[in-house]
Amino acid sequence: MAATKLGYWPDTNPVTVTVSEPATADIVLCQKGDFNTNSEPAYAGDLAMMADATAAGTSDETYDLDGDGNPADEADLTLLKDVSMSVAELE
Ligand SMILES: [Ca+2]
Ligand SMILES: [Ca+2]
């Protein structure tokens, strides 16, 4: 089962379905730009974490907000700042 939502990272979960038993499964999607997982993306703590990731040259893909394959580059930092000022949105 795959799930996606605007502004969230997509995720998949394996689900086995049998004919005789109904089943439910939950997928918790992580918000893009919410690095400190406080449910508020692009706030001060997230900007600080992005700046640290940029300085450290991280390879963590969650910091690649513009999806160009380069995590925590200047474009990602600028995008996060723009989101914090409500002049851009994370897709
Ligand atoms: Ca946050
Ligand atoms: Ca990037």
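**Exercise 1. Compare the span of helix H1 with the expected span.**

Solution. H1 has 13 residues, helices being DSSP runs (H or I, at least four residues) numbered from the N terminus. From first to last C-alpha, H1 reaches 18 Å, close to the 18 Å expected at 1.5 Å a residue; the expected span is 1.5 Å times one less than the number of residues. The model is predicted: local features need pLDDT of at least 70, side-chain atom pairs count only at pLDDT 80 or more, and totals for chains, interfaces and linings use all residues. Residues are numbered from 1 along each chain as its sequence is written, and chains are lettered from A and ligands numbered from 1 in the order in which they are written.

**Exercise 2. Determine which residues of H1 are buried and where they lie.**

Solution. Asp-46, Met-50 and Ala-53 are buried (20 or more other C-beta atoms within 10 Å of the residue's own; exposed means 12 or fewer). Seen down the axis of H1, these buried residues fall within an arc of 60°, so they line one face of the helix. On the other side, Ala-44, Ala-48, Ala-55 and Ala-56 are exposed.

**Exercise 3. Describe how H1 and H2 are arranged.**

Solution. The axes of H1 (residues 44-56) and H2 (residues 74-84) come within 10 Å and cross at roughly 175°. The two helices are therefore roughly antiparallel (angles over 145 degrees). The buried residues of H1 pack against H2.

How values were computed. Axes are lines fitted to C-alpha atoms, for helices over the stretch in contact, and angles run from 0 to 180 degrees between N-to-C directions. Angles under 35 degrees count as roughly parallel, over 145 as roughly antiparallel, 65 to 115 as roughly perpendicular and the rest as oblique. The arc is that of the directions from the helix axis to the C-beta atoms. Two residues are in contact if their C-beta atoms, placed from the backbone, lie within 7 Å.
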